[in-house]
Each structure stands twice: as C-alpha cells, then as structure tokens.
Amino acid sequence: MVEFNPDDVQGDLFSRGFPKFNEVYYFFHIQSGKEKEFAQNLKMLVSGEEKHISSINKVLEDWKQIEAAAARNRTIDDPAKKEWVPTVNALIAFSKPGLDSIQTGLTLAGRPSLDLKYLSLSDPTFDMGMADDGPENLNDPPVDSWDPLFRTTTIDGLLKVAGSDSTIINDKLEHLKRILGHPEVITDIEGNSPPSLTNSKLEGNTRRGEHRGHEHFGFRDGLSQPLLRGINSDAALEADPYMQTDQNVITVSSKPPELQDGVEADPTRRPPWMVNGSFLAFRKLEQDVPRWMELLNKFEAAGCKSPTHLAAKLMGRWPSGAPVAKFPDEDAPPNTPLDNSFHYKGVSKYNCPFGAHIRKVNPRTEGGAVTTARMIRNGIPYGTDFDPANPPTDPNDTRGLLFAAYQSCLENSFQFVQRSWSNGESFPVSKTGHDAISGQAKDGGLLNTTLHNEDDGNLDPGLGQFREACTMKGGEYFFVPSISALKNSLGCD
C-alpha cells in the first residue's frame, strides 16, 4: 500500500483546507436494498476525467491561483477590475453504518470484504458513533436534545462542498447527489437543524467585512493548525516550528503514532484500504452570544480591566489572534504580524490562566501527548451576526460553529482532548477548572475555571460557576477515505 500521496488524500485534510466563503454539509442515508447500486455510483464519482472529489494537490493549485490573483489585485485601484477566482471543492465521508451499507453492496457484487469487524478494536470510538460516545464519554447533552437532523434517520454519509459562491456550491452538490443516485439510491435525512429549515443540510459562511476569519464570540479562528512537511510551505514551517506535525497524526498510516496513556485501541488492526484516509469529528456547536457577553460583564470579579480583557484570558488570545502569552495587557497594535511561535514557560497564571482555551487544548509542551493529540480543524461559522441593539426574536435564528476536525485516531486526538483536557477540571494542574469555551460539565452542570490575581494567587470566587455559552446540538464521526479507496475498495463495477 502506497503511503501518503497528496493526489490521493482528500483535499480538506491540511491546515488551509478548502478555499471558501460558503460551505454546505449534506448528510444522506443509503436506501436499504440499494447498497450495490450505491457502491457502483461511488466508483463512478471518482473514475472519470472530471475530479468530482478534490485531492490536496487540486486544492493547493486553487490556493496558488487565488494568491496570484490577490497579488495582481494589489496593483489595481478600481474594484470593478479586480480579479475573482471562482472555486469549488468537495469531500465525501462515511459513518460506521454507512460503511456497513457499502459492505452489503460489495458482498452482493462479489467483491472482497472491507474487514470492518476489526474497527471495534482499531477504532472503537468511530465504531461506537457519536450518539453513544458523546453522552457517555464527552459530557455531551442527551441525544433527544440534539437537533432533529442528528436523531431521526441514520446518517450514512456526508458530502462537504465549499467554495467562493453559494450558487456554484449548490450546483456542485446537486450534481454529486445525482451521480450517487438521489433520491432512489441515497435519500435525505428526515430532519433539519436551525437556522436551516431544509432537511439533511447545514450551510455555513465566513463572516463578512472586518469579522472575516472570526467566529461569533469575536475571536480570529483557525490558528495553530498542524503543519505538514511537503504540504505547507517552508515559510510556514519556519514561522511556527512548534506546530510541525508528523503526517501519520492526521492521515492513517501503516505506521501509526504512539497512543495516549489509557487509550484502548489498536490502530495496527486497521485494514490496508484505510491508509491515506482520516477520521472526521463533526459537531454543530451553537454559540449563545448574549450569555457569553453576560459572563464577560463579570470582568471586575475576575480581576480583569474590561470585558475584552476577560475574554482574552478565557480564550488565551485577543480578538486579533495575538496570544496573551506575548501581549498580556492589551491586544497587539493594528497590522502587527501574527507571531504564533510562543510557549507558556515562564508565563504567569495571571496573564494566561491554565484554563485558557488554547492553553487547555494545546499546552505547547514538547513531544508526547501534545504532538499526537493534534488535529486539522476546518469548520466554518453558521448563522447571522448577533446584533445587541436588535436581538433576534425567532428561536431558530441561531449562530455558531460547524466544527470539523480531521485526525488519524479519534481516541488520540478529538476524544482525548475533549474528555481529558477541555472537560478535565484537573488538567493541566489541580483546580484548573473547565475550558470556558469548549468544556462541558457532567450531566449538563455548571462550568468553573480558575482565574488569578497579579501575584498568581487563585481568585475566590472569581467567575464562580457559570452556564456554558457553547452547546453541542448534534454530530457524528465519519471516515474520509482516500480517493483510490473510494474507487478500488469501496466502489465496484
């Protein structure tokens, strides 16, 4: 089996991911009795000259064209004459029930087994599915409180389509659905997820204007991504050497990384067709902006100078992305280049609490669990911006993040980080408390996180106990196969 090949790995599986202003997640079900037809259609999806499913190399080429156009645009004053590069890219992934359906189709076609029986040993979290794993191990809310999209019909597969324009994206999605046999072979999920009122589909978009690149709590997002040799530029690797990451942490390899302490999984049992694939943890995270603002108004009790100062301590970064480890008192001056090569050695707890989000999920120590816990995060915000002067009255007018994280081992990365670090009140040290951004307390309980005075003493009560401002509304684990596996192992004639 050929190891990592950027022509074979699906194109969202590196730090920059799909270029996008808009993105659609379409969830589908494979009809019972149509499994063989689906496997045949799947092979057609990746067999012709037209590249319906994008590879990393295709996406890298898109980025080159965008950057070249941007360079030319900087010499043009007339906005009407500036270039616009239309792009669209697609990814396909399958849940464990989806792979089971494909196996049924392959058996009917007389094709070799996918050896899915080993997944309970190699990847038990994926085998279990998020509906079982989340409430049991991650403090997720009960499934009956999830949005209907994630609790009505079995989700077998996902099409993720992203690009420069919603019209191009939806045209591409409809084309892919036709190839896969919609509505006879694949069908929509009978359930929606607000603010979308359309069954089976979630739509995200980058925020506009000065908010572009920021999520709904106001922070610049997508920083500190794993950087991969041979994929990311030499300049990017040199600028942030700490985030250089082995490829086998992101994509499945015949030589998997070491497991975290306590992880019960055996990646060596994976069948060979999974090489160059990756596991996707998808979660719809609803952000309650008024609740977040209410928490920030406690800044004085938290020993902070302003709501923005408290927000920076809870995140570990100012809204610009500047780390409080380097800019403890105020945000970096405008147009300051982002310097992401920092660590926490010698940084006071007052300036950056142990419970700060980015310190929790990426402690920036050397080697071990920190490097193997990394994951590529290529999600996107959803919903309209919250306007405090005009608060919404429609309960479906929600906003948040469509979280999408790729890794070679869920137990090593997403599940471990959420359960042991974000939720762990004693990580990295005793009495740290929860991650105030993404942490979840057991049984929907209140969160707590320890803040400090200027002498690094614990503030009591500080913020005290508080309700989470980010609520998980549903999700699933998927496997993102290599393009060759889609054609030669999961697809059939």
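This is a predicted model: local features need pLDDT of at least 70, side-chain atom pairs count only at pLDDT 80 or more; totals for chains, interfaces and linings use all residues.

Reader: What makes Ser 54 count as buried or exposed?

Author: Buried means under 20% relative accessible area, exposed over 50%, and partly exposed in between, with a 1.4 Å probe and protein chains only. Ser 54 has a relative accessible area of 2% and is therefore buried. Ser 54 lies in the loop between H1 and H2; helices (H or I, at least four residues) and strands (E, at least two) are DSSP runs, numbered from the N terminus. A contact requires heavy atoms within 4.5 Å. Leaving aside neighbours within four places in sequence, Ser 54 has contacts that include Val 9, Phe 18, Asn 89 and Ile 483.

Reader: How do you know which class Asn 57 belongs to?

Author: The relative accessibility of Asn 57 is 29%, so Asn 57 counts as partly exposed. Asn 57 belongs to helix H2 (residues 56-73). Not counting residues up to four places away in sequence, Asn 57 touches Pro 6 and Asp 7. Asn 57 and Asp 144 are 87 residues apart in sequence, and their C-alpha atoms are 41 Å apart in space.

Reader: What makes a group of residues a nonpolar core?

Author: A nonpolar core is a set of buried Ala, Val, Leu, Ile, Met, Phe, Trp, Tyr and Cys residues joined through side-chain atoms within 4.5 Å. The largest one has 96 residues, and those with the most contacts inside it are Phe 27, Phe 38, Leu 42, Ile 92, Phe 94 and Ile 102. A second, separate core has 33 residues, among them Trp 292, Tyr 344, Ala 436 and Ala 441.

Reader: Which elements pack against the buried residues of H1?

Author: Helix H1 spans residues 35-45, and its buried residues include Phe 38, Ala 39, Leu 42 and Leu 45. The buried residues of H1 pack against strands E1 (22-30), E2 (88-94) and E4 (186-188), and against helices H3 (96-108), H7 (166-179) and H14 (483-490).

Reader: Why are H1 and H3 called roughly perpendicular?

Author: Axes are lines fitted to C-alpha atoms, for helices over the stretch in contact, and angles run from 0 to 180 degrees between N-to-C directions. Angles under 35 degrees count as roughly parallel, over 145 as roughly antiparallel, 65 to 115 as roughly perpendicular and the rest as oblique. H1 and H3 pack at about 95°, with their axes 7 Å apart, and are therefore roughly perpendicular to each other. The residues of this contact divide into six nonpolar, three polar and two charged. For these classes, Ala, Val, Leu, Ile, Met, Phe, Trp, Tyr, Cys and Pro count as nonpolar, Asp, Glu, Lys and Arg as charged, and the others, Gly among them, as polar.

Reader: What makes H9 roughly perpendicular to H10?

Author: Helix H9 (residues 289-296) and helix H10 (residues 307-315) pack at about 105°, with axes 9 Å apart, which means that H9 is roughly perpendicular to H10. Trp 292, Leu 295 and Leu 296 of H9 make the contact with Pro 307, Leu 310, Ala 311 and Leu 314 of H10. The contact of H9 with H10 has seven nonpolar, no polar and no charged residues.

Reader: What makes the backbone at Asn 276 and Asp 456 worth noting?

Author: Most residues other than glycine have a negative phi, and most peptide bonds are trans. Asn 276 is not a glycine, yet has a positive phi of about 75°. Asn 276 is buried, at 2% relative accessible area. Asp 456 has a positive phi near 70°, and its 24% relative accessibility makes it partly exposed. A cis peptide bond joins His 182 and Pro 183, with omega about 5°; the bond from Pro 194 to Pro 195 is cis, with omega near 10°.

How values were computed: Residues are numbered from 1 along each chain as its sequence is written. Side-chain values use heavy atoms; hydrogens and water are left out.
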